[in-house]
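Before reading on, please take a moment to look over the sequence and the structure shown below. The paragraphs that follow lead through a few of its features in turn.

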Amino acid sequence: MYQTDPPRSPKEVLPTMYDLKSEDPEEPGLPDEFHDLQPELLRLTFRPVNYPADQIFVASDLNLYYDPRHPQWYKRPDWFTVLGVSRLYEQQDLRLSYVTWQEGVNPFIVIELLSPGTEKEDLGQTLREVNQPPTKWEVYEQILRVPYYFVFNRYTDELQAFGLITSRYQALPIEDQGLWLEEVQLGLGLWRGIYQGIERLWLRWYDATGAWIPTPAELAEQERQRAEQERQRAEQLAARLRALGIDPDLP
């Protein structure tokens, strides 16, 4: 390839999302069902009020390509979100991966769900091997500079939070309910409840009042209950009117 003057941008000359996909027939599957359910609950309840829905991208188990010098290197966060980027790739297509030099915006939050085989790397306790890609911690902290990084251990129900302060991750205190993120007007905490028929502690987003953000299914159930309450009130009122000799059906 001939060098141009001025040089062409990485977006033009490096592989695109269509070249760098998440699908790999040799890639091992997810370790357990929790890695399906927990990211789904996070996605369904992540609704920042200060960002339009079409400017929020949320993904789980999607390849995140981060280094234009090594375009085949990637990490695969259990859950991450990017703010201020189109929900669709170039406003028209569902993403096959997230390629930072194509998108121009890095993730704002990354969440890893600990597995016994990944715990040390998730917590930054492994060193980079010679001639090998950087660790997750190095990518999130030093290359992508992700502002917030969370690690959740479902075996001990421990949630750890790290914030990028003076170019390094520092532990952030988890309050009674969780950690409030002013930039998205949401907090992330541990909610004990039933999701998809499983009762346990789940990671979930909450609003400024401390209320847990409902899923679409929960919203539909709340609406059904409100409609049922209105129906019962109407029936009770009609019964009282009839007792007074008034026909509620007459105009």
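In this predicted model, the second largest pocket holds about 310 Å³ of space. Its lining is made up of 14 residues, and those closest to the centre of the pocket are Arg43, Ile56, Phe57, Val58 and Arg87. Helix 2, which covers residues 34–45, and strand 1, which covers residues 56–59, each supply at least two residues of this lining, and strand 1 gives the most, with four residues. Sorted by class, the lining of the second largest pocket consists of 10 nonpolar and four charged residues, with no polar ones.

From the pocket we can turn to the sheet. Three strands form an open sheet in the order 3-2-5, and their pairing is mixed. Strand 3 (74–75) and strand 5 (98–99) stand at the edges and have a single partner strand each, so that one side of each is left without a neighbour in the sheet. In general, the strands of a sheet pair through backbone hydrogen bonds, in either a parallel or an antiparallel way. Here, strand 2, residues 64–65, pairs with strand 3 in the antiparallel sense over two bridges, and tyrosine 65 has tyrosine 74 in strand 3 as its bridge partner.

Between strand 2 and strand 3 runs a loop, and histidine 70 has its place there. Is this histidine 70 buried, exposed or partly exposed? With a relative accessible area of 33%, histidine 70 counts as partly exposed, because that class lies between buried, under 20%, and exposed, over 50%. Along the chain, histidine 70 and leucine 14 are 56 residues apart, while their C-alpha atoms are separated by 9.9 Å.

How values were computed:
Residues numbered from 1 in each chain as written. Predicted model: local features only at pLDDT ≥ 70, side-chain atom pairs only at ≥ 80, totals over all residues. Heavy atoms only, no water. 1 Å grid on protein atoms, 1.4 Å probe; cavity = no way out; pocket = protein on both sides within 12 Å on 5 of 7 lines; lining within 4 Å. Points joined across faces, edges and corners; volume = space filled by probe spheres on them. Nonpolar A, V, L, I, M, F, W, Y, C, P; charged D, E, K, R; others polar. Pairing = 2+ DSSP bridges. Buried < 20%, exposed > 50% of the residue type's maximum accessible area, 1.4 Å probe, protein only.
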